[in-house]
Amino acid sequence: MISKTFPITEIIRHRRTVKPAMMDSDLDIPMELIDELLENANWAPTHGFTEPWRFKIFSGNSRKSLGKKLQDLYSAHTPDDQFRQDKLNKLGKNPILAPIVMAICMERGDNPKIPELEEIEAVACAIQNMHLTAAAAGLGAFWSSPPILGTDGMREFLSLREIDRCLGLFYLGWLKEGENWPKSSRGPVSNKIEWVDKS
Ligand SMILES: Cc1cc2nc3c(=O)[nH]c(=O)nc-3n(C[C@H](O)[C@H](O)[C@H](O)COP(=O)(O)O)c2cc1C
């Protein structure tokens, strides 16, 4: 049962991964909602105010170029014995199943006091802000992280420097008619807690 002590609890428990195959690619996402997702992402915590999150947004025909690039990189980087035709197909198809796909990038700052890991963590917080905002609006979202995102070819495609990273593709879209908001589960939090009392 969902606790209703705070509205945010409901949103956090409601947030789900919605895969592109469940999305209606023809149903547009209003620009005001996209703006709100991005504004909320921009309010993520950031050590040293480096604000390392960068969003490269694909819509319309550019989604096809993204799919083609993902397929080319998968073909080029996958050893023959690991190659899967279904994966190749999905990489090309996923971007056109969602009306909006964002490449979520980390632009490495130049403050030497901030470790790279903290820049990555800040971007992850930004994605969570976006994912929760999407869930609150009933909009589906999927964070995908195929290994090819770390290739030089992908960096070049996204105009990233060598020290920057693409941490994921974030697919956004409304559920297709007939699809239901997915369910998920977690193991008990009690297994993940240790109250340390050494006094
Ligand atoms: C950093 C990160 C990367 C992820 N990458 C993938 C991915 O490549 N493929 C995938 O199917 N799901 C990916 N996911 C989504 C998880 O599969 C999903 O969160 C999990 O199944 C739990 O479902 P829920 O988000 O609906 O609770 C990723 C999630 C995170 C946090």
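This is a predicted model: local features need pLDDT of at least 70, side-chain atom pairs count only at pLDDT 80 or more; totals for chains, interfaces and linings use all residues.
1. In which loop does arginine 161 lie? Arginine 161 belongs to the loop between helix H6 (152-157) and S4, where helices (H or I, at least four residues) and strands (E, at least two) are DSSP runs numbered from the N terminus. With 9 C-beta neighbours inside 10 Å, arginine 161 counts as exposed; by the convention used here, a residue is buried if 20 or more other C-beta atoms lie within 10 Å of its own, exposed if 12 or fewer, and partly exposed in between, with C-beta atoms placed from the backbone. Arginine 161 and glycine 150 are eleven residues apart in sequence, and their C-alpha atoms are 12 Å apart in space.

2. Residues are numbered from 1 along each chain as its sequence is written.

3. Four strands form an open sheet in the order S1-S2-S4-S3, with antiparallel pairing, two strands being taken as paired if DSSP finds at least two bridges between them. The edges are strand S1 (53-58) and strand S3 (140-144), each of which pairs on one side only. From one strand to the next the twist averages 25°, where axes are lines fitted to C-alpha atoms, for helices over the stretch in contact, and angles run from 0 to 180 degrees between N-to-C directions.

4. As to the individual pairings, S1 is joined to S2 by six bridges, and arginine 54 has cysteine 105 as its bridge partner in S2. S2 and S4 pair over seven bridges, with alanine 103 partnered by leucine 169 of S4. Five bridges join S3 to strand S4 (residues 165-173); here alanine 141 has leucine 172 as its bridge partner, and serine 144 stands opposite leucine 169.

5. Seven of the seven residues of S2 are buried, so this strand is largely enclosed by the rest of the structure. Both of its faces are covered, with Ile100, Met102, Ile104 and Met106 buried on one side and Val101, Ala103 and Cys105 buried on the other. S4 is likewise largely enclosed, because eight of its nine residues are buried. Helix H5 (residues 116-137) lies across S1, strand S2 (100-106), S3 and S4, and runs at about 0° to S4.

6. Leucine 172 touches Ile29, Ala98, Pro99, Ile100, Ala134, Leu139 and Ala141, not counting residues up to four places away in sequence; contact requires C-beta atoms, placed from the backbone, to lie within 7 Å.

7. The ligand is surrounded by Arg16, Thr17, Trp143, Ser144, Ser145, Pro146, Gly168, Pro182 and Ser184, a residue being near a molecule or strand if its C-beta atom, placed from the backbone, lies within 6 Å of it.

Notes: Two residues are in contact if their C-beta atoms, placed from the backbone, lie within 7 Å.
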